Amino acid sequence: LTNCDREPIHLLGAIQPIGCLFALTADWLVARVSANVGEFFDTSPEGLIGQPLSSLFDGESIHALRNRLALVRGPDAVERVFGCRLIEGGPKFDIALHLSSGQVIVEVEPTTERNYGDATGTVRGMVSRLDQAADLPALFNEGARQVRALTGFDRVMVYRFDR
């Protein structure tokens with residue numbers, strides 16, 4: 001593990017480059033959008049502000065997102081949609097939906113189309129490896145190793161927060 005005390009968890013206003021973010025009003029008008037939206041869709045941030053999300057995404061995908069958002073319960077709840085085609089004939093995206101300060105937050109990233117096989121078996125194997133950890137440092141190292149293997153990311157960090 002690296003020394004995480006010097007590395008910030010996030011930078012205010014920064015979006016992971018693997019996806020983009022939309023902040024919507026209660027009636028699904030685009031209030032804010034990440035600056036990199038043009039890397040994923042044929043539009044600019046300025047062209048979307050104040051527009052209904054349906055001006056970019058097709059009706060079927062909007063319906064699917066609204067239905068999934070209806071399942072969100074609690075202040076920290078997140079719902080996900082995998083392999084959703086947001087524009088007819090366009091690429092598929094994995095989506096995370098949650099509520100924040102009265103806005104609907106829609107985070108999208110291109111689907112990786114990876115086949116992870118049996119999710120239950122994968123999780124069971126991961127938990128079994130974690131159960132074998134002798135102490136907390138070993139648990140953290142093994143947890144980071146498992147998440148790295150599952151996601152394919154080069155680096156996974158485990159943070160320790162103050163009480």
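A polar contact is a pair of N or O atoms within 3.5 Å, where, within protein, one atom must be able to donate a hydrogen and the other to accept it. Keep that in mind for the last stop. One more thing before you start clicking: this is a predicted model.

Five of them form an open sheet in the order 2-1-5-4-3, with antiparallel pairing. Strand 2 and strand 3 sit at the edges, each pairing on one side only. From one strand to the next, the twist averages 25 degrees.

Select strand 3 and strand 4, which pair in the antiparallel sense over five bridges. Click Arg85 and look across to strand 4: its bridge partner there is Lys92.

In soluble globular proteins, nonpolar side chains tend to be buried together. Here, the largest nonpolar core has 27 residues, and those touching the most other members are Phe22, Phe41, Phe57, Leu86, Ile95 and Val108. Among the elements that each supply at least two residues of this core are strand 1 (20-24) and helix 2 (59-69).

**Last stop: Ser34.** Find this residue in the loop between strand 2 and helix 1 (45-48). Is Ser34 buried or exposed? Its relative accessible area is 5%, so Ser34 counts as buried. Show side chains, and you'll find a polar contact of 2.7 Å joining those of Ser34 and Asn36.

Definitions and conventions:
Residues are numbered from 1 along each chain as its sequence is written. This is a predicted model: local features need pLDDT of at least 70, side-chain atom pairs count only at pLDDT 80 or more; totals for chains, interfaces and linings use all residues. Side-chain values use heavy atoms; hydrogens and water are left out. A nonpolar core is a set of buried Ala, Val, Leu, Ile, Met, Phe, Trp, Tyr and Cys residues joined through side-chain atoms within 4.5 Å. Buried means under 20% relative accessible area, exposed over 50%, partly exposed in between (1.4 Å probe, protein chains only). Helices (H or I, at least four residues) and strands (E, at least two) are DSSP runs, numbered from the N terminus. Two strands pair if DSSP finds at least two bridges between them. Axes are lines fitted to C-alpha atoms, for helices over the stretch in contact, and angles run from 0 to 180 degrees between N-to-C directions.
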